[in-house]
Amino acid sequence: MFNASLNGFAVVDPFDVESPVSCGKLRILATYCVFIFIGSVLANTSLLWTLIYYKDLRNSVNAFMIALSSCNLLGSLIEMPLVIVSNFNCKWYFKKAGCVFGAFIMYSIGCISIFLLTAISFERFYIIYKPMSIKSINQKLSLIIISACVFFGVLWALFPVFGWSHYSLEGAMTSCSVEWNERSFNVVSYNIAIFAFVYFLPLIAIAYSNLRLIFMTFRSNRLDLDHSAMRSLNQNLKKFKDPKNITYGKKGIRNMPKFANGSDGNLDKKMLKKLKVERELTVSTLILIAGFMITWTPYALVSMYSAFIDHGKMDPLTATIPSMFAKGSLIWSSGIYIYTNKQVKKKFKRLFMNIEEPTSFSMIKSYSMENPQSKNESQISKVDT
């Protein structure tokens, strides 16, 4: 331990202190972190490779997932090794520079993640609420939103580096985060700001959009559109029969729906299939967001308790466990998305397990109904032979 003498008083380096938790318990936490590290690297790498490899998976929500998985992979490769080594050594091993760097990386990822999930929630709400605008969220807009999420996430994480609050050891003194226990105006004002703008506002936005999504998605027991939605969509489509409602641009008609079926303007099966996929994707993102909030909420509650209610009196191990549980989001988000998203799961099996899902009888029947001409052609070919 580093001690210095200042006017006869011993000065203790706050980043070179023994952990108040026993080594046995810390090494159990280290083992848990090893599993999180391995699982996160495998899950995020697999998801990234799948989404990038298959061009038909390059849609707006998957663009957000690429950004989220990239952040999780970065946190796993940079911050997790610091925590693992420190827990195995029963004290923080990387001094002040390592503490600030590791906390900045992990805190940036946490901020970026909640901003990205907020963007995903509104993207899903927009797609389901306005199905006629399915093509409106293009790649360029997605990149702008992702860049904004990254910018504001990094900005909030940079404030403690430049003097608004600061990073310090927390809980068992084997990991670092924003200072929660100090009662100076500098620290308290920052803590109030981050809980307001980085936690509660995104949480309210996520809750609002997802509750509306849940209502719209599960309003009907069938996967296809209910009668009221079908009638509304068909009315929207029919208005394009009037030439006054068509907008022309340099590349032709801008707002003409691509799923109109014939001259009657009714919704065709291609559009219904697209909407069904969007609804399934919405369910997947709802589960993903729920998993993220479950892993981070205990840590947020403990942090608020330490920051505003009873600072410095919580048991170190009790204060540490929620932060370790929150690190599980590095693996759960990608794992949940792979498992719940049917399209991604199918591509994942094909890419990494060489498994081709058999074509179901319903799909064959649907194809034959949509393509009666192919059946007639096959019969003609048999007669010719």
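How are helix 2 and helix 9 oriented to each other, roughly parallel or roughly antiparallel? Helix 2 and helix 9 are roughly antiparallel to each other. Angles under 35 degrees count as roughly parallel, over 145 as roughly antiparallel, 65 to 115 as roughly perpendicular, and the rest as oblique.

This is a predicted model, in which local features need pLDDT of at least 70 and side-chain atom pairs count only at pLDDT 80 or more, while totals for chains, interfaces and linings use all residues. Residues are numbered from 1 along each chain as its sequence is written, and side-chain values use heavy atoms, with hydrogens and water left out.

## Helix packing

Helices (H or I, at least four residues) and strands (E, at least two) are DSSP runs, numbered from the N terminus. Axes are lines fitted to C-alpha atoms, for helices over the stretch in contact, and angles run from 0 to 180 degrees between N-to-C directions. A crossing is left-handed if the near helix is turned anticlockwise from the far one by less than a right angle, and right-handed if clockwise. Contact means heavy atoms within 4.5 Å.

Helix 9 covers residues 329-340, and its axis lies 9 Å from that of helix 2, at an angle of about 150°. The crossing of this pair is left-handed. On the helix 2 side the contact is made by Val61, Asn62, Met65, Leu68, Ser69, Asn72, Ser76 and Met80, and on the helix 9 side by Ser329, Leu330, Ser333, Ser334 and Tyr337.

Helix 2 also packs with helix 4 (residues 139-158): their axes come within 10 Å and cross at roughly 30°. That makes helix 2 roughly parallel to helix 4. The crossing here is right-handed. Ser60, Ala63, Phe64 and Ala67 of helix 2 meet Ser142, Ile145 and Ile146 of helix 4.

Helix 4 packs with helix 3 as well, at an angle of about 145° and with the axes 8 Å apart. This crossing is right-handed. Among the contact residues are Phe104, Tyr107, Cys111 and Phe115 of helix 3, and Ile145, Ile146, Cys149 and Trp156 of helix 4.

Helix 3 itself has 35 residues (residues 95-129), and its end C-alpha atoms are 51 Å apart, which agrees with the 51 Å it should span at 1.5 Å a residue. The expected span is 1.5 Å times one less than the number of residues. Helix 3 is mostly covered, with 27 of its 35 residues buried. Buried means under 20% relative accessible area, exposed over 50%, and partly exposed in between (1.4 Å probe, protein chains only).

## Cysteines

A disulfide is a covalent bond between the sulfur atoms of two cysteines. Here a disulfide is taken as a pair of cysteine sulfur atoms within 2.5 Å. The structure holds two disulfides.

In one of them, the sulfur atoms of Cys23 and Cys90 are 2.1 Å apart. This pair links distant parts of the chain, with Cys23 in helix 1 (residues 23-53) and Cys90 in the loop between helix 2 (60-88) and helix 3, 67 residues apart.

The other disulfide joins Cys99 and Cys176, with sulfur atoms 2.0 Å apart. This pair also links distant parts of the chain: Cys99 is in helix 3 and Cys176 in strand 4 (residues 175-178), 77 residues apart. The torsion about its S-S bond is about -125°, so this disulfide is left-handed.

With the bonded cysteines numbered in sequence order, the pairing is 1-2, 3-4. Cys71 is in no disulfide, and the nearest cysteine sulfur, that of Cys149, is 9.6 Å away. Cys149 is likewise in no disulfide.

| Cysteine | Relative accessibility | Class |
|---|---|---|
| Cys23 | 32% | partly exposed |
| Cys90 | 6% | buried |
| Cys99 | 0% | buried |
| Cys176 | 8% | buried |
| Cys71 | 12% | buried |
| Cys149 | 7% | buried |

Ser46 is in helix 1. At 15% relative accessibility, Ser46 counts as buried. Not counting residues up to four places away in sequence, Ser46 touches Phe348 and Phe352.

Asn210 lies in helix 5 (residues 185-217) and is buried, with a relative accessible area of 9%. Leaving aside neighbours within four places in sequence, Asn210 is in contact with Ser121, Leu286 and Ile289. The C-alpha atoms of Asn210 and Phe125 are separated by 7.4 Å, although these residues are 85 apart along the chain.
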